[in-house]
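Thanks for coming. Please have a look at the structure before I go on.

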Amino acid sequence: MRKSANVTIHADKIRFPVSSTLYGLFFEEISHAGDGGIYAELIRNRSFEDTLVPDRCHVENCKLHSPAGWISPFEHTDPIPGWYTQISEGCEAEIKLDDELPLNETNPISLRVEAASVPHGRVSVCNTGFWGIPVRSGETYNLSFYGKKADGFQGDLEITLEDRSGNVYAFGSVTLTSGEWLKYELTLESDRDDAEAILAFSTQSAGTFWLELVSLFPATTFLHKKNGLRPDLVGMLQQLKPSFLRFPGGCFVEGFSVETAYRWKKTIGDLSERTSHWTLWQYRTTNGLGYHEYLQMAEDMGLEMMFVVNCGLTCQGRPGEMIPMEDLSEWVQDMLDAIEYANGPVTSYWGSLRAKHGHPEPFGLKYLEIGNENFGPEYNLRYRVFYESVKEKYPEIVTIWNTHWEVGTETKGLPVEIVDEHFYADNDFYQQYHDMYDHYDRSGPKIYVGEYAMIVDNKTGTLLGALSEAAFMTGMERNQDLVTMSSYAPLFANIHHTVWDPSLIYFDGTRVCGTPSFHIQKMFGEHRGEYVVDSYVATESRSADLYGGLGVEEKALDRIRDLIVSSGSETLLRLNRLSGSQPQCREFHGTLWIGDPSWSQYDVSVKALLGSEGIRLRLLDRHLPWDKQNYLLWELDSDGESRLVRIVGWSRVKLAPNRKITVQESDWQHMQVTIVNDTVKCFLNGELIHEYQSAPIPYLTSVSTLDRTAGELIIKLVNPSPYLLETEIHIHGAGNVPVQGIQTVLTSGNPKDANTIDLPESVSPKDSDFKCDNNVYPLPPYAAAILRIKI
Ligand code: AHR
């Protein structure tokens, strides 16, 4: 099936230079992206703290309960994950967690090994790494650990890398000499390749000894740094040609309680001085990849640095905890100290510590994001304090407002330089809103699209998901005078503990796999150009699906009455009062779903009392769970502010200008909505308040940039449709250039095609020469193409 399309480019009409920071990386400690991921440590549970329950939380039936009532998995049936014993027949031994006489305050637990009887053979305590310790023949591994022994144990330990059947790949030995904690180090060289080796400490004599902070790093880390990074994973990031690194999260920064929030000061210094902490991504982080290492990672990759600081709020959606305003100064000081650590002179307190940690030169931290996905009056209050404190002391730091639920640059009159907008939505959302930023106010703050990914029914990371994102990215590129930064999220996931799909890059101990989205990011990152030029697309399109029932908050039920839904002369529903027991209604986690999710064209009439909490009326609600949710939301606040927005997945987009209406909280309001064809109109007491016309979804989206240095025009074409698009390309302002050059095309037989760790290159771009007949470029169905044309 074919369709035709047109792209007209004015190569001589420069709109603006490209934003050098448009594409960056968002690194979060999620799905073992750090520990068991890019952080090259090979020992899992190296400090024996993985099963520590965070303060003020409790565990019941493998569920962790936070002080604020958040419940999340805590599936540790094994008290010492990652460790086990191998005991020769006839020997007796056991291992235990021990909190007596710890190494120090930040390492409260050690492993006590009691070899009660070893008449022959050996007693070994073994670590299995992060789902296997990958070793390579000829590679050296640096082992360090703290150990001590009880009286009576002669202290000789054999240390080996081996397989589970006892075939040894590398051998070393150590004699524990003291009853006090001492650090021991040795190198091991493997003579074999094995993706799932173990590390064993073995004794052939009886006695008791303790282990703590057992660490094993390959000598080959990125740039051969100590406490360094996995080169293959860094290599994947480098392929994206990023310009900045945002770290360390994400919700990881927020935590679900004060104790699980990110506190950078606990993550610096010698590994033995760092505190591990439980993350809201259901594992404990060692913080071996700490604040210093993040700065170092960015510097070593040549990236600008963006630190996301906790602003005194934990994740509000989970639900959260708030640091009271009167106690906020400690958190504000943490932020100021973080900046001093990164940028201060060596004569400053924190700058001198940085120097002590091996980096006398300032790092040059540039961006500071205040909070992550926090919102509401609580955020606004805290934002102001953080913003003013940072600007007073470090006016050169560029601050970022973390808006989540207020997408549309609503910064409530606060001073804002950059707004971070997040989108996790479905295919249609990205394709339909490819032009979202065409309509943004240029006089407001700059935009950082800090997190985005197609997440609905996209666990594997499909080609179609990547193309939808690419359609949206053409819009970001066309508006990069405004959208100056962006980063896909999440970046990494270890296939053995993935808590969020899709992620951009999947890996295990030895293998990596970029999703189709990875390839889109790479293609767009590689082919930047220097200037955005004028270009126009003429394309056929399809209508967005507008269908769904209604929804209201259950807590507002007694403030809603006389609901009538009609379609033409037919009454679809009439309810004087709403409740979950009515056949047309269904309760879903605090929301009452009303009517039939397949309804499409209808009118709604309802009476509502705003009260102090206002009314939220869902329209065209497909009645789907949160990650797939899809509806229009008319929000009417008690103060008369009215908003019409669309919620898709975890995304929110403004559909019409906000309005301020004079209303009385205590008066019944008449809310009416008409949905005719692609137009939704909201009336309050007979007055039209919002009107929204759903835009069609184009088959083709595009952006063109000029690379003056290379003398090339770069045309990006994205086609998420099933049609081959015969795309006529007209280039003006560059002489009579033939439409030919080099093309990079990402496509595959099926839009659902994805890459896997076993077949990581199934969907990957191909480069080749191309030459158009009659200037018509045949853009395949389900494809993104980047054309470079000499002009
Ligand atoms: O990218 C995964 C999570 O999505 C981030 O931690 C959070 O900021 C967002 O909700």
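Let me start with Glu-330 and Arg-263, which form a salt bridge whose closest N and O atoms are 3.0 Å apart. This pair links distant parts of the chain, 67 residues apart: Glu-330 sits in helix H4, and Arg-263 in the loop between helix H2 (251–254) and strand E18 (277–278). A salt bridge here is a side-chain nitrogen of Lys or Arg within 4 Å of a carboxyl oxygen of Asp or Glu. Helices (H or I, at least four residues) and strands (E, at least two) are DSSP runs, numbered from the N terminus.

This is a predicted model, where local features need pLDDT of at least 70 and side-chain atom pairs count only at pLDDT 80 or more, while totals for chains, interfaces and linings use all residues. Residues are numbered from 1 along each chain as its sequence is written, and side-chain values use heavy atoms, with hydrogens and water left out.

Are these two partners buried or exposed? Glu-330 is partly exposed at 48% relative accessible area, whereas Arg-263 is buried at 15%. Buried means under 20%, exposed over 50%, and partly exposed in between (1.4 Å probe, protein chains only).

Next, Arg-788 and Asp-707 meet in a salt bridge of 2.9 Å, N to O. They are 81 residues apart, in strands E52 and E46. Arg-788 is buried at 16%, and Asp-707 is buried at 14%.

How many salt bridges are there in the whole structure? The search finds 48.

Last, helix H6. Its buried residues include Tyr-379 and Phe-386.
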